[in-house]
Amino acid sequence: MKLLRLAPENTKFPFMRFRRVSYPFSAVLSLIAVALFVFKGMNFGIDFAGGTVIELRAKSGAAEVGTLRTLGESLKLGDIEVQAFGNPADATLRFGLQGQGEPAKQQEAVERVRAAVGADYDLRRVEVVGPRVSNELVQSGTLGVVLSIIAVLTYLWFRFEWQFAIGAVIATMHDLLLTVGFFSITQLEFNTTSIAAILTIVGYSLNETVVVLDRIRENMRKYKKMATAQMIDMSINAVLPRTIMTATTVMLALLSLVIFGGQVIRSFSLAMIWGIFVATYSSIFICSPMLIYLGLRNEDADRKQKPEAEPEQEIELQPESFVSMYDDVGDAPVPAAPAPRRAAPKSAASKGGSKSGPRRNRPKQG
């Protein structure tokens, strides 16, 4: 039985070839996100901006958003926001702080809205947040995000080499900037659930980054003579099926929350979908190429320290040296059998010669 695979195995995608494109592209997106945050701002919910939110339900039929907006503007409560959510009969009416945010004035504004729409709508929920509470929530939320990021990045600093830690920090900051830009351009309500979404995105991004970095470190020890870019490509391709499978399953769960979760967690779900996409992108195209630029392997220095190979000396082989260049078994040369040595002639005048053997008859001298 074959397992479900969303990506083929043994892929050889050259991810590092795109690093000269991914870095300028990400830099442009980050600058756009910062510009949107500064000039356009974010749609802060009453958790951070303060104000009143009233949840209405029509007694009969669907809620008429246009009519509710006209009634709210006639009450002169400042900026009025009316949105439909959930069932067609449900709607929310939101307005800002009244005066200096005194509770009495906020309650008076709620009673005026009740008197204006009470004949056709039921007030299901009324939520009032004063300026002091909203400021405390802003400070607490910001402090929680910063401390959690510092704690995780400190762990990475001691867990991996400094090049890996810097790459993870840059990838995490990249994901945070693009998430803030997403809230600015879509004008989703930024409330306490959005803080939870940001923290979840940070955790998911670091998890994806650690998985890739751990495989890179393992292959770096195993393939010491392989080029850095080639080794990083091999590591990313090795974890690519796992990355695609994880991202797909999380996306399916988040799409279910967007469709069936209602307006309350809509901003959380959409931000998480964007964050999953950005975190997967940054772990491959932001963090991994940073290791090359930070000099994970000083390949230039290794080439200078490596001595130059000495030229091979040519060896002249005599024809009699080998019977055959290759034998029947392998490629090793087989030496020829040594030629039989010839016996040297014995000298007649040598002293201490052997007396054995036939004697030669010498002619007699007359």
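## Two packed helices

Helix 6 (residues 162-186) packs against helix 9 (residues 266-285) at an angle of about 145°, and their axes lie 10 Å apart. Helices here are DSSP runs (H or I, at least four residues) and strands are runs of E with at least two, numbered from the N terminus. Axes are lines fitted to C-alpha atoms, for helices over the stretch in contact, with angles from 0 to 180 degrees between N-to-C directions.

The contact (heavy atoms within 4.5 Å) includes Ala171, His174 and Phe182 of helix 6 and Leu270, Trp274 and Tyr281 of helix 9. Its residues divide into ten nonpolar, four polar and one charged. Here Ala, Val, Leu, Ile, Met, Phe, Trp, Tyr, Cys and Pro count as nonpolar, Asp, Glu, Lys and Arg as charged, and the others, Gly among them, as polar.

## About the model

This is a predicted model: local features need pLDDT of at least 70, side-chain atom pairs count only at pLDDT 80 or more, and totals for chains, interfaces and linings use all residues. Residues are numbered from 1 along each chain as its sequence is written, and side-chain values use heavy atoms, leaving out hydrogens and water.

## Along helix 6

Just after helix 6, glutamine 187 takes a positive phi of about 60°.
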